[in-house]
Amino acid sequence: MNVDLAIVGSGSGNAIPPSLRDHKIALIDDGIFGGTCLNVGCIPTKMHVYPADVIASARTAGRLGVDFTSPKVNYGDIQRRIFANRIDQISAAGLRYRREECDNIEVLTDRAFFTGPHTLTVGEHQVHAKQIMLVAGARPAIPEVIAQSEIAYQTSDTIMRLAQLPEHLIILGSGYIACEFAHIFSAFGSKVTVIGRSQVLLKHQDHTIATRFTDVASQQWDVRLGQPVVAARQAKGEITLTFADGSRVSGDELLVATGRIPNSDRLEVSRAGIATHPDGRVQVDCHGRTNVPGVWACGDISSPYQLKHVANHEADVVFHNLTNPTQLRSFRHQAIPAAVFTWPQIASVGLTEEQAKDAQRDYVTVSFDFGAVAYGWAMEDEIGICKLLADPNTGQLLGAHILGEQAALLLQGLTQAMALGTDIRTMAREQYWIHPALSEVVENALLALEAKLH
């Protein structure tokens, strides 16, 4: 099969622009059509998170003088709403559309691997492409102690399809995936144990945020930190993990959430001469070009930012560049925001204080509690915090970190300021801030930071 373009991956790679309507394209994916975000990532997890948030809000309403009875969770109804009524239909419809209504696109649903710089074997097909776009994503990483055991375990790819709620869910990992699923299953009624090797949960967050979150999370879940797992066994439906100090924990389900690895090895990119980083990510320049002419890569298979909004942006840049070789666009990797949809929610953009110190950046910082503004009073909030860092000479934001109610929404204005170069004086004083909205937390943090400028 000879094509103008072979796209490996149907997540962000499926966002094929109209400008490629005259190109003969092979769209290749041996997973569920639509990619990670749609099927096993961002969207179904947040559809689980929302009812978990409702439950968590109800359980903490006592401080407001409101007493809800214990919520009844119909897990089967939740799953049907998410998968049967939404996700699975969208995935099937997307595949059907590409197969039946896009005459220039051939969809191949077998595993692809390179046999040459511009040749892929896909099942029984040999695909020869003038250009190749690698958008094949990443997959859960499995620690050796688990991989070499004979225990049954779940990953983020499978945990949401469980037939019933676990009585006791053990989560190996302490990053964003672990903390989001800990929130979900804890809210739904499972006992949850979270295991991490570091001394805090979400160790890549600003230390102020990670420390406060760890304190809050430890009141909700059984949190075990600082002890590596050295053995795993399963007997009579019970999974037991043993720690280096000899202590153990047992539960009926294990979720392994210890990071993700790029799928470059499954594509056997070395056979095409495509260079990779030590962690397996495909090497690309700022335009998305690999070292092999005509081969491009973007998203989790090559990007250090495993975020759907980054993958979408990078795919848009690559789609432009492969048809406009004399007008190349570059990736924008400045002011990339991210959120952790756990309880409480966390959002961040830019440098942490630790990163600013390591880079020997001159900075000033402030932290402002949600409970210090009127809406925070209304919420009786004792947890939420907004932490900002700025350059004391220019007044430019260097980083923003929020823990609390609707953190992802509150962060967006700060992301905009960083992306557009708006200094903190302008942002704080040249617009109205709705009173008494929760956004006054950001306003007050900016004003406090302004007072520290040179």
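Predicted model: local features only at pLDDT ≥ 70, side-chain atom pairs only at ≥ 80, totals over all residues.
Trainee: Where on helix α6 do its buried residues lie?

Mentor: Helix α6 spans residues 207-217, and its buried residues are Ile-209, Ala-210, Phe-213, Thr-214, Val-216 and Ala-217. Viewed down the axis of α6, these buried residues fall within an arc of 160 degrees, so they line one face of the helix.

Trainee: Which residue caps the N-terminal end of α6?

Mentor: The backbone nitrogen of Thr-208 has a side-chain oxygen 3.0 Å away.

Trainee: Which element gives the most residues to the largest nonpolar core?

Mentor: That core has 39 residues, and those with the most contacts inside it are Ile-171, Phe-181, Phe-213 and Trp-221. Elements giving two or more residues to the core include α2, α3, β8 and α6. The one that gives the most, with 9 residues, is α5.

Trainee: Do strands β4 and β5 pair in the parallel or the antiparallel sense?

Mentor: A hairpin joins β4 to β5 through 2 residues. Across the pair, Ala-112 stands opposite Val-122 in β5. The strands pair over 4 bridges, and the sense is antiparallel.

Trainee: How many residues of strand β4 are buried?

Mentor: Strand β4 covers residues 112-116 and is mostly covered. Of its 5 residues, the number buried is 4.

Methods
Residues numbered from 1 in each chain as written. Heavy atoms only, no water. Buried < 20%, exposed > 50% of the residue type's maximum accessible area, 1.4 Å probe, protein only. Arc of directions from axis to C-beta. Polar contact = N/O pair within 3.5 Å; in protein donor to acceptor, adjacent residues only side chain to side chain. Core = buried A, V, L, I, M, F, W, Y, C linked by side-chain atoms within 4.5 Å. Pairing = 2+ DSSP bridges.
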